[in-house]
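Biologist: Hi! Could you walk me through this one, starting with the overall picture?

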Amino acid sequence: MNFNVNVPKMPGGGAASALIKLGAVVGLGAYGVANSFYNVDGGHRAIVFNRIVGVKDEVYPEGTHLMIPWFERPIIYDVRARPHLVESTSGSRDLQMVKIGLRVLTRPMPDQLPTIYRKLGENYNERVLPSIIHETLKAVVAQYNASQLITQREAVSREIRKILTERAAYFNIALDDVSITGLTFGKEFTAAIEAKQVAAQEAERAKFVVEKAEQDKRSAIIRAQGEAKSAQLIGQAIANNPAFITLRKIEAAREIAQTISNAANKAFLSSDDLLLNLQEMNLESATGKK
């Protein structure tokens with residue numbers, strides 16, 4: 001049995017279909033335009049993953065670049081140097097446990113970004129740096145005694161940097177700087193160092209005391225020699241000229257008189273005791289004896 005049903009056509013159906021098609025085309029076009037460009041900021045580089053050919057070998061510099069929406073997506077890397085702080089506990093050559101802190105400035109090699117992404121991914125630092133830094137620190141610290149790690153710190157830093165640079169270059173990572181931020185030793189070794197410093201200070205103090213005693217001895221000898229020479233000269237002067245004693249009495253009397261005159265209080269003292277009896281001195285007899 002055949003049923004013929006006539007469906008009436010809606011007025012304006014062709015226009016609505018055209019509008020829907022136009023809207024779809026405009027939407028797809030807007031989506032394509034919005035997702036066809038990507039920006040690479042300063043200090044960054046980009047590589048592109050294509051769903052057909054995989055990671056492209058080209059590295060894109062800073063700026064705005066074109067890509068195929070959905071088929072391609074950008075992978076942006078920060079190529080600026082970034083610090084990494086690592087602490088490791090290692091044993092020195094004399095079996096002392098040393099906790100060493102290291103600060104490393106690293107950055108990826110821009111021309112090797114496709115290789116880095118294929119082998120390590122985007123978080124290459126977390127996958128590579130901790131292992132090679134810990135291994136390098138243990139290898140270098142084991143070559144030095146605990147005391148040498150302090151006295152030869154610069155040489156230790158250079159050795160660590162040399163080995164780390166070679167190891168990191170294998171993974172296409174560049175090292176701009178390596179520096180030791182801290183050295184911490186065990187309690188026993190720290191106590192031994194403090195005791196050694198105290199002993200050294202005591203030895204320096206004892207040395208100073210000995211040198212001071214020697215200087216005091218020399219000063220006493222020189223002072224005694226000077227006094228003996230002075231007494232000898234005075235004795236010769238008295239023997240040659242008896243008036244020398246009279247001259248000294250006059251000088252002493254003048255000093256005593258000046259001191260008393262400058263005092264605020266009035267004093268009455270015996271002139272015999274203060275050598276002020278100048279009138280009784282027989283200056284002529286002293287001169288005549290010569």
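Predicted model: local features only at pLDDT ≥ 70, side-chain atom pairs only at ≥ 80, totals over all residues.

Modeller: Happy to! Among contacts (heavy atoms within 4.5 Å) in the protein chain between residues at least 6 apart in sequence, 65% join residues at least 24 apart.

Biologist: Okay, how many helices and strands are in the protein chain?

Modeller: The protein chain has eight helices and eight strands. Both are DSSP runs numbered from the N terminus: H or I with at least four residues for helices, E with at least two for strands.

Biologist: And what share of the residues counts as buried?

Modeller: Of the 290 residues, 24% are buried. Buried means under 20% relative accessible area, exposed over 50%, and partly exposed in between, with a 1.4 Å probe and protein chains only.

Biologist: Let's switch to helices. How do H3 and H5 cross?

Modeller: Helix H3 (residues 124–141) and helix H5 (residues 153–170) have axes that come within 10 Å and cross at roughly 140 degrees. The axes are lines fitted to C-alpha atoms over the stretch in contact, and angles run from 0 to 180 degrees between N-to-C directions. H3 and H5 are therefore oblique to each other; angles under 35 degrees count as roughly parallel, over 145 as roughly antiparallel, 65 to 115 as roughly perpendicular and the rest as oblique.

Biologist: Which residues make that contact?

Modeller: From H3 come Ile-132, Ile-133, Glu-135, Thr-136, Leu-137 and Val-140. H5 brings Val-156, Glu-159, Ile-160, Ile-163, Leu-164, Arg-167 and Ala-168.

Biologist: Now a strand residue: where is Ile-75, and is it buried or exposed?

Modeller: Ile-75 sits in strand S5 (residues 72–78). Its relative accessibility is 3%, so Ile-75 counts as buried.

Biologist: What is Ile-75 in contact with, sequence neighbours aside?

Modeller: Leaving aside neighbours within four places in sequence, Ile-75 is in contact with Arg-45, Ala-46, Ile-47, Phe-49, Tyr-117 and Glu-122. For Phe-49, 26 residues apart from Ile-75 along the chain, the C-alpha separation is 7.3 Å.

Biologist: And Pro-83, where does that lie?

Modeller: Pro-83 is in strand S6, and at a relative accessible area of 49% Pro-83 is partly exposed. Beyond four places in sequence, Pro-83 is in contact with Arg-103, Val-104 and Leu-105.

Biologist: Last topic, backbone angles. What is phi for Trp-70 and Leu-95?

Modeller: Trp-70 has a positive phi of about 70 degrees although it is not a glycine, and phi of Leu-95 is near 65 degrees. Most residues other than glycine have a negative phi.

Biologist: Where are those two?

Modeller: Trp-70 is in the loop between strand S4 (63–66) and S5, and counts as exposed at 53% relative accessibility. Leu-95 is in the loop between strand S6 (82–91) and strand S7 (97–108), and is exposed too, with a relative accessible area of 75%.

Conventions: Residues numbered from 1 in each chain as written. Heavy atoms only, no water.
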